[in-house]
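Here are a few notes to read alongside the model. They go through the contact between the two chains, point by point.

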Amino acid sequence: MTAIGRTMGRGLETVGRGLSRGTARSRAAFTSTGLRTQVVVVLAAVALLVGGGAATLYYQVQRAEAAEAARAAASAVAAQRAKAILSYDYRTLQSDIAQAKASATGRLQQQYTQIASGVIAPRAKKQQMVNQSAVVASAVVAAEPERVVMLLFVNQATQSNQLKAPRIQHSEVRMTLKKVDGKWLVSGLQPLSTRVGSAG
Amino acid sequence: MQVSPAGAARWLRRRAWAGSVILLVVAILGLTATGAIFAVQAYAERQEKARRQAILAAARQEALHLTSLSYKTADEDVRRVLQGATGGFKKRFSSQAKGIKQVLDQAKVVSTGTVREAGIASIDQNSATVLLAMGGSVQNAKTPRGSPRQYRFKMTLQHDGGRWLVSRMRIVP
């Protein structure tokens with residue numbers, strides 16, 4: 001190592017001599033600390049630059065990989081979460097509502113809690129409602145490491161003592177999932193359109 | 001061998017300098033190598049993102065063409081749909097083209113579609129499945145004001161000659 005170092009030092013000196021054409025004074029200036037410091041400073045700057053570039057690229061790759069993982073993880077639970085939030089049975093209301101709450105997060109959870117106790121529970125009991133939801137198909141609209149937006153095709157069947165036959169509804173839903181403590185929970189549920197469908 | 005104190009100090013300084021130069025050069029080489037690996041990975045991820053965008057754009061375009069048909073421009077409208085199609089879907093649509101044009105003309109149909117949302121359901125090297133939530137309206141002789149429509153599309157796309165084309169199209173009931 002020292003041998004290489006000395007060789008490199010000599011090499012640089014030769015270059016320095018060539019550059020400074022001659023005088024003993026400039027030779028002394030080169031061999032003295034001035035230019036040596038400059039060489040180290042320039043190399044350090046280059047190392048920092050290259051290091052910064054590598055770090056930025058590493059960050060980008062990490063984010064992309066995390067988004068990829070998020071895409072898969074959110075896709076895997078989307079149907080289950082939608083079913084939990086959109087389905088209920090008047091005979092198992094309490095556990096159904098608890099399960100729905102556990103599937104949601106943030107403002108959606110607050111909104112659901114209000115609607116569940118204010119509207120869903122009293123009406124479901126009175127009308128003996130059974131609401132079953134099925135996700136027919138799902139797709140990823142956009143994925144980030146902590147947030148995934150999905151498009152779901154949902155079919156809902158509602159039975160109640162007010163209805164002679166089950167009412168079937170088809171809808172498209174935009175669902176936003178967020179990663180909360182390692183779990184993908186629903187933070188937004190936006191129906192794009194709903195219409196009466198045929199059974200099946 | 002005689003070494004003067006000043007000479008020894010100079011020698012030590014040079015040694016330290018050479019050491020730091022070597023260290024820095026090694027660091028630069030190492031960082032460049034790892035940076036290059038990350039650059040290749042980042043490039044691949046960017047390509048993948050661009051591929052997904054291209055798939056979604058192609059699916060949206062074809063869904064719009066398919067839901068925006070007018071008796072006034074039926075030939076052109078049908079051609080647009082066929083341009084974005086391939087395989088089974090292209091065959092089916094071109095065999096039905098005549099009938100479609102007749103229906104458009106007879107009922108004076110003008111339909112306009114909008115994509116409310118689109119996402120990728122599955123993807124691999126050369127094909128992808130896309131879901132689309134469509135809105136729009138259909139205007140005809142009986143309903144000059146138009147009536148609103150909603151559909152759920154499931155499209156399969158194939159990578160074909162540098163373009164993404166729809167090879168299968170299904171309305172999800």
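**Notes on the A–B interface**

1. Start with R174(A), which pairs up with E117(B) in a salt bridge; the closest N and O atoms are 2.5 Å apart. Keep in mind that this is a predicted model. The count of salt bridges between chain A and chain B is two. Polar contacts also turn up across this interface, in eight residue pairs.

2. Which parts of chain A supply the side that touches chain B? At least two residues each come from α1 (2-19), α3, β2 (130-144), β3 (147-159), β4 (167-180) and β5 (183-196). The largest share is from α3(A), with 18 residues. Sorted by class, this side of chain A has 24 nonpolar, eleven polar and nine charged residues.

3. Now for the extent of the interface. Contacts link 44 residues of chain A with 38 residues of chain B. Between them the two chains bury about 3600 Å², and 69% of that is on carbon and sulfur atoms. R36(A), L43(A) and F153(A) supply 16% of the area chain A buries against chain B, more than any other three residues.

4. Take a look at V61(A) too, which sits in helix α3 of chain A, residues 33-86. Is V61(A) buried or exposed? V61(A) counts as buried because its relative accessibility is 2%, and the cut-off for buried is under 20%. Apart from neighbours within four places in sequence, V61(A) is in contact with F38(B), Q41(B) and A42(B).

Conventions. Residues are numbered from 1 along each chain as its sequence is written. Chains are lettered from A and ligands numbered from 1 in the order in which they are written. This is a predicted model: local features need pLDDT of at least 70, side-chain atom pairs count only at pLDDT 80 or more; totals for chains, interfaces and linings use all residues. Side-chain values use heavy atoms; hydrogens and water are left out. Helices (H or I, at least four residues) and strands (E, at least two) are DSSP runs, numbered from the N terminus. Buried means under 20% relative accessible area, exposed over 50%, partly exposed in between (1.4 Å probe, protein chains only). Contact means heavy atoms within 4.5 Å. Buried area is the accessible area (1.4 Å probe) that two parts lose on being put together, summed over both. A salt bridge is a side-chain nitrogen of Lys or Arg within 4 Å of a carboxyl oxygen of Asp or Glu. A polar contact is a pair of N or O atoms within 3.5 Å; within protein, one must be able to donate a hydrogen and the other to accept it, and residues adjacent in sequence count only if both atoms are side-chain atoms. Ala, Val, Leu, Ile, Met, Phe, Trp, Tyr, Cys and Pro count as nonpolar, Asp, Glu, Lys and Arg as charged, and the others, Gly among them, as polar.
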